[in-house]
Amino acid sequence: RGPLFADAIEIPRWLERDRETRYADRLQRDRQIGRELRCANPAARVREWWSRLPRAEDPPSMELSSAVRRIERGRRLITLLMIVIGAVAGAAVASAVFHYEGVWPVNVVTVLATLVLLQLLLVTLTLLLMLPKIPGLAGLQELLGGLNPGALAAAVYRRLGRANDQSATLFEWRAARGPAAARFARWQMLTWSQTAAVAFNLGALGAAVGLIAFTDLAFGWSTTLRIEAAEALRITNAISAPWRSWWPEAVPGAQLIEQSRYFRLASERPSLSPAETLTGWWPFLLAAILTYGLAPRCLLLAISLGRLRAATRRLLMDDPGVRALLDRMCGAAVALGATEPEAPPPANAASTTGPAPHTVQSAAAVVWSGALSEEAARAWAAAHLQRNVTQVHEAGGGRSIALDRAVIQQLARQRAQVVLVFVRAWEAPLLDLKDFL
């Protein structure tokens, strides 16, 4: 069985081309496969049917499979690019904020603002984008959808793939055809963006660990705001609350905060404690990036992947051809005809089984929608009802309402005491027959 996304694209397209096959042949083929399936989930039944379907290796089928494989390769390529771009960007940002030349220490406030606070803001915006359209915030959600890294990647794919395959519009949230396609495009975009975000945090952590392990870094904190050491201690304690119990070394103490504060001066180097006493900040910074950067992004990526799979399954099941396929597989077999040859009725069956003769022997007849011929109507009425049909009128079917009204007027002028109406026995009467009666 192939990937779910490939099945969601290929199966509806193949079913659209399969409409050229006679319905009776499709019904027999799909019902036979459906009887062999044991899975109850509709999407699983359709995919299992697809894996068992004997498809011919004709040029149209091969071209369809090639197009679907091209789309799937494009998705994987974009995912790989998101990983690479995110990792490179994370490593570059971490290298910038952890930059140390031996004069000014690495500012802890700058690291927290760049790799923690900014990421928390982006996570909040991502959560807003994950929600359904909210009245009053739909414009903001549209704006966020256009600026999302996943949307930019989808735009690049559409530009490159539009000349080769129309399925590039699958990744366009705003121009999606129907709610199922829009839901798929949105979660695909969010999956790509969260993949890039996870790679960004991994790249940032990798660069930070490398710089800490293989270079000589000194940390301090400085800000223009009037923040005393005691207040800074309360802030770091609040930030460290998630890992305080299992990583106490990553919680800065009052002495470290007091000794590592500095003020940037233009003409002289700040007077700091020995560098070895200022390295206690790095466990706190790594723990903050892990807790407030990487962990939320991993959670959002897991949610996006789950919702993307559900949206892909919905994309498959939303197709009318797929729903008709399920009806053919699951519907009961109905056949018109006797299971054994029927013996002809005896010659005197009409006289023995018919009702007793009526006082009025003549009757008028109306044949509705060409149910039988005029001769057959006269013969049937004589054999089964002992009626002599004097006039046979055609009504219903493709005739106009005016012609049906004329038939009623003719019956009224004839003043027939009995009017027989012949209809098809195997077809349920419709409302137009009710109106005529």
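I call a crossover right-handed if, with the strands pointing away from the viewer, the path from the first strand over the helix to the second runs clockwise. I took helices (H or I, at least four residues) and strands (E, at least two) as DSSP runs, numbered from the N terminus.

Before looking further, I noted that this is a predicted model, where local features need pLDDT of at least 70, side-chain atom pairs count only at pLDDT 80 or more, and totals for chains, interfaces and linings use all residues. Residues are numbered from 1 along each chain as its sequence is written, and side-chain values use heavy atoms, with hydrogens and water left out.

**Entry: strands**

I found that β3, helix α14 (residues 374-385) and β4 make a right-handed β-α-β unit. Strands β3 (residues 362-368) and β4 (residues 388-395) run parallel, joined by 7 bridges; strands pair if DSSP finds at least two bridges between them. Val 367 has Glu 394 in β4 as its bridge partner. I also saw β3 run parallel to β5, with 4 bridges, and Ala 364 opposite Val 419.

**Entry: salt bridges**

I looked for a Lys or Arg side-chain nitrogen within 4 Å of a carboxyl oxygen of Asp or Glu, and the count came to 12 salt bridges. One of them joins Glu 72 and Arg 76 (3.3 Å, N to O). These two residues are 4 apart in helix α4, so about one helical turn separates them.

Which is Glu 72, buried or exposed? Glu 72 counts as buried, at 11% relative accessibility, while Arg 76 is exposed at 53%. Here buried means under 20% relative accessible area, exposed over 50%, and partly exposed in between (1.4 Å probe, protein chains only).
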